[in-house]
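Here's a quick briefing to read with the model open in your viewer. Have a look at the fold first, then work through the notes by topic.

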Amino acid sequence: SNKAIRGAFRVVSFTAAKLDELGSMRAFRSHRGRWDFEPYGISIDRDFLISIGAREVIYGDDAAWRSLPASSRPLFQLVNDGSTDWRIEQEWRVISDIDLSQVPAENAFVFVPSEAEARHVARISRWPVAVVDPQT
């Protein structure tokens, strides 16, 4: 959703955090009515993402936002909203959408929290499936 993106730009967000860090980053965001960092996801190779235009988020304050050229504003994230330092997300963004059918099988994998789910997802996924303990 672009609701949480200043300027309402359409972006796809990723984290550069390690898989074993995701469990500790999981938090309920009451103002958004959802959890951040669910124990399910797709990991896409950073070099592939860069090749389709992904760039690191620019963390800053209101003055930084005003100083950015229009082309960089979709990459902006307020560094701290008073309760959260968003740099913990180590966010990268692709401006617009990503066509997942264009992501080669060798450039991604799906992660799930249990072996049973891995077996189920493996039957329908074109990418490898890995189990990641959500408690780590």
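Let's start with Gln77, which counts as buried because its relative accessibility is 11%, below the 20% cut-off. Keep in mind that this is a predicted model.

**Gln77 and its surroundings**

- Gln77 sits in strand E7, which covers residues 76–78.
- Skipping neighbours within four places in sequence, Gln77 is in contact with Val57, Ile58, Tyr59 and Gly60, and also with Trp86, Glu91 and Arg93.

**Two buried loop residues**

- Ala54 belongs to the loop that links helix H2 (46–51) to strand E5 (55–56).
- Is Ala54 buried or exposed? Ala54 has a relative accessible area of 5%, and since anything under 20% is called buried, Ala54 is buried.
- What does Ala54 touch once neighbours within four places in sequence are set aside? The contacts are Leu49, Trp92, Arg93 and Val94.
- Ala54 and Ile95 are 41 residues apart along the chain, yet their C-alpha atoms are separated by 7.4 Å.
- Ser72 is another loop residue, found between helix H3 (62–67) and E7.
- With a relative accessible area of 10%, Ser72 falls under the 20% limit and so is buried too.
- Ser72 touches Arg55 and Ile58, if you don't count residues up to four places away in sequence.
- For Ser72 and Ile95, the sequence gap is 23 residues and the C-alpha separation is 9.8 Å.

**The three-stranded sheet**

- An open sheet is built from three strands in the order E4-E9-E10, with mixed pairing.
- Strand E4 (41–44) and strand E10 (129–131) are the edges, each pairing on one side only.
- From one strand to the next, the twist averages 35°.
- How do E4 and E9 pair, parallel or antiparallel? They run in the antiparallel sense, over four bridges.
- In that pairing, Ile44 stands opposite Ala108 in E9.
- Strand E9 (residues 108–112) pairs with E10 in the parallel sense, over three bridges.
- Why call E9 largely enclosed by the rest of the structure? Because four of the five residues of E9 are buried.

**The cavity**

- How many cavities of 30 Å³ or more turn up? The count comes to one.
- The largest cavity holds about 90 Å³ of space.
- Twelve residues line the largest cavity, and the closest to its centre are Leu22, Gly23, Glu38, Pro39 and Pro134.
- Helix H1 (residues 19–25) gives the most to this lining, with three residues.
- By residue type, the cavity lining divides into seven nonpolar, two polar and three charged.

**The largest pocket**

- The volume of the largest pocket is about 1,200 Å³.
- Its lining has 37 residues, of which Val12, Ser13, Phe14, Thr15 and Phe37 lie nearest the centre.
- Which elements each supply at least two residues of the pocket lining? They are strand E1 (11–15), H1, strand E3 (34–36), E4, H2 and strand E8 (91–95).
- E1 has the largest share of the pocket lining, with five residues.
- The pocket lining divides into 20 nonpolar, six polar and eleven charged residues.

**Where the topics meet**

- H1 gives the most to the cavity lining, and H1 also supplies at least two residues of the pocket lining.
- E4 is an edge strand of the sheet, and E4 also supplies at least two residues of the lining of the largest pocket.
- Arg93 is in contact with Ala54, and Arg93 is in contact with Gln77 as well.
- Ile58 is touched by Ser72, and Ile58 is also in contact with Gln77.

Terms used. Residues are numbered from 1 along each chain as its sequence is written. This is a predicted model: local features need pLDDT of at least 70, side-chain atom pairs count only at pLDDT 80 or more; totals for chains, interfaces and linings use all residues. Side-chain values use heavy atoms; hydrogens and water are left out. Two strands pair if DSSP finds at least two bridges between them. Axes are lines fitted to C-alpha atoms, for helices over the stretch in contact, and angles run from 0 to 180 degrees between N-to-C directions. Buried means under 20% relative accessible area, exposed over 50%, partly exposed in between (1.4 Å probe, protein chains only). Contact means heavy atoms within 4.5 Å. On a 1 Å grid over the protein atoms alone, a cavity is a set of points where a 1.4 Å probe fits but cannot get out, and a pocket is an open set with protein on both sides within 12 Å along at least five of seven lines; lining residues have an atom within 4 Å of a point. Grid points are joined across faces, edges and corners, and a volume is the space filled by probe spheres set on the points. Ala, Val, Leu, Ile, Met, Phe, Trp, Tyr, Cys and Pro count as nonpolar, Asp, Glu, Lys and Arg as charged, and the others, Gly among them, as polar.
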